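Here are my notes on this one, as promised. Have the model open while you read.

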Amino acid sequence: MNALDRRPQLVCFSHLRWDFVFQRPQHLLTRAARDYDVYYVEEPVVEAGAAPHLRTSRRPEGVTVIVPVLPPAEDEGAAAMIADLLGPILPPSSRQRILWYYTPMAMAFSRHIEADTVVYDNMDELSAFRGAPSRLLDLEAELFARADLVFTGGMSLYAAKRRRHRSVHPFPSSIDVAHFHEARRKPAEPADQTTIGGPRAGFFGVIDERMDIDLVAGTAALRPDWQFVMIGPVVKIDPASLPAAPNIHWLGGKSYRDLPAYLGGWDVGLMPFALNEATRFISPTKTPEFLAAGLPVLSTAITDVVSPYGEKGLVEIVSDPAGMADGLDRLRTPPSGWLAAVDGHLAGMSWNQTWAGMQRLIDESVQARRQRVGDLRRRALPTPVGETLHV
């Protein structure tokens, strides 16, 4: 058996497609792939007439993406089919195995899979999102009962979940500083942005029910001289509902690799989040990413943005179109000393550091489980005649 055959496994169950938006799962699991065989199990794809099978593919980041392909079925039937499909590729094994959950819904088909440690990386309050499954909270309770470790994607989510499990640890959104620093060098702009005038304010990320589109429309109306560049896939809302104006530009989804080239041509970063149940516990990754790009930021009062970024004066908090419009005028020239304060704050953050902290807790959990198993086995052994068993 060679060294690669002995590498531990990390099996992740996620509600997010690997190729959708490069965010927390991709940052963490790309780093995990340096030491683990990482399998990323996505939600199933339903195809009429399909024979149940797994569609697997290897990504450049070293992660194997697994997509169950199923015929139409009720929830229980679909879960049974996925469990059967995963059985041959995740059998009982002498190799160390970590199960890593982003979605509690995966408990329905994975509860039987053996693991040395079970991690719930609770990055969002999924039950508050539009279209959340009715069984999600019940399955989350089951996941809390099975998990050895619970990580949270922000401090507000940590405060909400820390009493539900014996080992909850906050790991707020982090940053690949070097990647977003490229924006400060003003790289050549992508073709679809070169025709847009300035000054520019921009947003990047998933465009869904968490965006306050009325705030975007109102600000654009108050500042017709500013151009608003909106980057990201539109999901769960009707694209026709997005505000249309000569100075609002919906450019669609872009690759993580290309983001610095877009941000390098902006003057201000926008985070126009609606204040609703879906945003109550979010910790936007784009906050430190905007700052690393050297962009001043205007945001609505998201708890994990107000603290620490607003309190430290790194991000300006606004509540309405007038406030955001006035903020644009002020921040086109960032205040003196602001960038130095930004860099001082970001110096203590990195996805490498985040993963190292998680890995340490995983190693401790695996060791603790081995110790418990060893203790149980020793207690089960008969004591040889003439010897005293010291436990």
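The points below go from the overall build to single residues.

1. Ground rules. This is a predicted model, so take local features as needing pLDDT of at least 70 and side-chain atom pairs as counting only at pLDDT 80 or more, while totals for chains, interfaces and linings use all residues. Residues are numbered from 1 along each chain as its sequence is written, and side-chain values use heavy atoms, with hydrogens and water left out.

2. Overall build. The C-alpha trace spans about 90 × 55 × 40 Å along its principal axes.

3. The six-stranded sheet. Running β12-β11-β10-β13-β14-β15, this sheet is open and its pairing is parallel (two strands pair if DSSP finds at least two bridges between them). The edges belong to β12 (248-252) and β15 (316-317); each has a single partner strand, so one side of each has no neighbour in the sheet. At the β15 end, β14 (residues 297-299) pairs with β15 in the parallel sense over two bridges, and L298 sits opposite E316 of β15.

4. What covers the sheet? Look at α12, which lies across β10 (200-204), β11 (227-231), β13 (268-271), β14 and β15 and runs at about 165° to β14. Axes here are lines fitted to C-alpha atoms, for helices over the stretch in contact, with angles from 0 to 180 degrees between N-to-C directions.

5. α8 against α12. The axes of α8 (residues 213-222) and α12 (residues 321-331) come within 8 Å and cross at roughly 55°. The two helices are therefore oblique to each other (under 35 degrees is roughly parallel, over 145 roughly antiparallel, 65 to 115 roughly perpendicular, the rest oblique). The crossing is right-handed, meaning that the near helix is turned clockwise from the far one by less than a right angle. On the α8 side L215, G218, T219 and L222 meet P321, A322, M324, A325 and L328 of α12, with contact meaning heavy atoms within 4.5 Å. By class, that gives seven nonpolar, two polar and no charged residues (Ala, Val, Leu, Ile, Met, Phe, Trp, Tyr, Cys and Pro are nonpolar, Asp, Glu, Lys and Arg charged, the others, Gly among them, polar).

6. α1 against α14. Here the axes of α1 (residues 24-32) and α14 (residues 351-380) come within 10 Å and cross at roughly 70°, which makes α1 roughly perpendicular to α14. This crossing is right-handed. R24, H27, L28, R31 and A32 of α1 touch W351, N352, T354, W355 and M358 of α14; the tally is five nonpolar, three polar and two charged residues.

7. Backbone spots to check. Most residues other than glycine have a negative phi, and most peptide bonds are trans. The G198 to P199 bond is cis, with omega near 0°, and P199 is in the loop between α7 (191-194) and β10. S307 and P308 are also joined by a cis bond, omega about 15°, with P308 in helix α11 (residues 303-310). Finally, K186 has a positive phi, near 55°, in the loop between α6 (177-181) and α7.

Methods: Helices (H or I, at least four residues) and strands (E, at least two) are DSSP runs, numbered from the N terminus.
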